Amino acid sequence: MRLWLVAVGGAGLAALLVAACLRLPGFGGDRHPYGDRAVEAALSRHTANTVSSVTFDQRAFDTLGEMSILFAAVLGSVVLLRQTRDEHRARPEPAAVSRPVRRYALLVLPVALLTGLYVIAHGQVSPGGGFQGGVVAATALHLLYLGADYRALERLRPLAPYEAADALAASSYLVTGLAALLAGSAFLANTLLPYGTFNTLASAGTVPLLNAAIGMEVACAVVVLLAGFLDQAVEIVDEGEHDEHAEHDGGGKTGGNAADGGDHDDSGKRGK
Amino acid sequence: MTALTHVLPYLVAVWVFLAGCYGLATSRDLIHAVGCLSVCQAATYVLLLAVGYRDGGTAPVFSDVTPGSRPVVDPVVQALALTDVVVGATVTALLLALVVQVAKRHGTVDPDELSELRG
Amino acid sequence: MNGWILAAVLVLVTGVGATLWGVAGGPLRRRATAQNLCTALACPVLLLLAQGYGRPAYVDLALVLAVLGPVGTLVFARLLADELADDPPHARGPTWTAAALGAAVVGAVAVATGPGRALVKLLVIGVLLVGGNLIASRALAGGMQEGRGD
Amino acid sequence: MTETVIVVALLLVAVAATAAVAVRDPVRQSLVLAVLGVVLAVLFTVLQAPDVGLSQLAVGSALTPLLLLLTVRKAKRRGRRAERGRSAGGDGP
């Protein structure tokens, strides 16, 4: 019954969408009025990466909205993943990662962080920007979890500063926008700073500032998000789970098939 | 050939979107459903970028080409898609956090079992 | 018309197409190997495309993939260690083929680029790509945890 | 030639998306989603959108699989505990 409903609805939707596709302007057409105007405006403001100019200058207000969605999503996740009263933290045992993997992780960690910063910093010049670079930098930090163990990551990543930096970055985006307003022009208008030399890091007025704010915001947001998930998956157990582990530790590995036993062995180690 | 290639990208976007919707509707696992939703999201990026493409065009990034020397594709749709890729990932994370909560409360992530619990 | 793009199409169809087929079915070890090979093959494709379109700026994509691709595989190796320990994936042939292809593509693009800062970036990508994927496939094969591999 | 590469990338994306939906186990699906992310990044590159491709690579190659796998891990542990509790209650200790 439900499948029939899905089939009928899906067929109707498919027919409408295909009909819409046939009336769209042909793929690869030559008429892009908004695109051409956006490129012109970006060049007049000395921004080499037109896409960055659209994101952080011509449609900066839209990006403010996107940023608040991101902020709200992270806030919601943190609230949902917080530790409740019937749960407690169990110190995870350090996992023994083999030497080549550990060496690779420790070697690539700085390279990956640097790549993230490079991508953020060159946002107004070459492909990249705060959104992409922030994710790369935040992911890089978690090489510590993959290559070493969770405790090493926790030592290098006290969560409070990241939460504070997240809020700080979001507000600095707003403040940059308000500064333009105070200087006698519109909210988030790119009139505050000189446009600089085309195709250098110090070009495009306020675009690098907003770009850096977004980079910081995204990086901290991803770190906070992943911290919540890692806590839940690795550290936080509730009372029932703990009992099971305790019993497991006492009784040792008995019974169960191979996969089950392996998994239990692992969680038993963590439960101690 | 050309008649087909002029609509093929849109049709692929439609196909990906419908496939994601089918997966969402028939999913037996909320985590799988979230994965299907991210497939639906991917369809919107394909559609947006297909609309902005120009034959023989190149990226509107002038760090290594002189402005005006080559035709460029539409930067506006790219800006829309690029912010949404990252923001969409955090929204996916929010949904996964909800799934974790559901698993905690009810001990299952099967939507059918969940509705039985409710009823 | 353009040899670079033709080469990219060939790698895309044979290499990435094959990994897509590998990841879509079969046991977990086959899928994990295919995922690792997919990043190892997509990175040369991006380099070839950058060269084919005459846009050195596109090389940044290959750089990010060379950094994050092996990280993604390590995620699977770490979190699926128990499932993979039962029958560890061994794909020495395809892994070394992909590594050789990556090295060959980096070499060809490096020759076409000539000396300069772009060359340094290319060599960094090459080292990260080949080293990262060899380490990642080793981690998948049970080398993630001490005493399990070798 | 540029048209050929676009068509190839589009077909790869269509196949990868179909596979991502057809694979029902979330662990295996996350592997397919990782591949889908990489193929999408290639498609965005041939559509001349390197910025979007970079975004997709950053998110799709490591972040999304990590989130999915961590959720699976948590949910599985929970599910097994609930199952065990239920069966223990049924049998009576």
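**Chains B and D in the predicted model**

Read along the sequence, chain D follows the pattern α-α-α, with three helices and zero strands in its secondary structure; here helices (H or I, at least four residues) and strands (E, at least two) are DSSP runs, numbered from the N terminus. The model is predicted, so local features need pLDDT of at least 70 and side-chain atom pairs count only at pLDDT 80 or more, while totals for chains, interfaces and linings use all residues. Residues are numbered from 1 along each chain as its sequence is written, and chains are lettered from A and ligands numbered from 1 in the order in which they are written.

Of the 93 residues in chain D, 70% are buried, that is, have 20 or more other C-beta atoms, placed from the backbone, within 10 Å of their own.

Turning to chain B, the elements run α-α-α-α-α from the N terminus on, giving five helices and zero strands. Buried residues make up 59% of the 119 residues in chain B. The C-alpha trace of chain B spans about 65 × 35 × 15 Å along its principal axes.

Where do the two chains meet? In all, 45 residues of chain B are in contact with 38 residues of chain D, contact being defined by C-beta atoms, placed from the backbone, that lie within 7 Å. On the side of chain B that touches chain D, α2 (8–26), α3 (30–52) and α4 (75–106) of chain B each supply at least two residues. The largest share of that side, 13 residues, comes from α4(B).

How values were computed: Contact = placed C-beta atoms within 7 Å. Buried ≥ 20, exposed ≤ 12 C-beta atoms within 10 Å, placed from the backbone.
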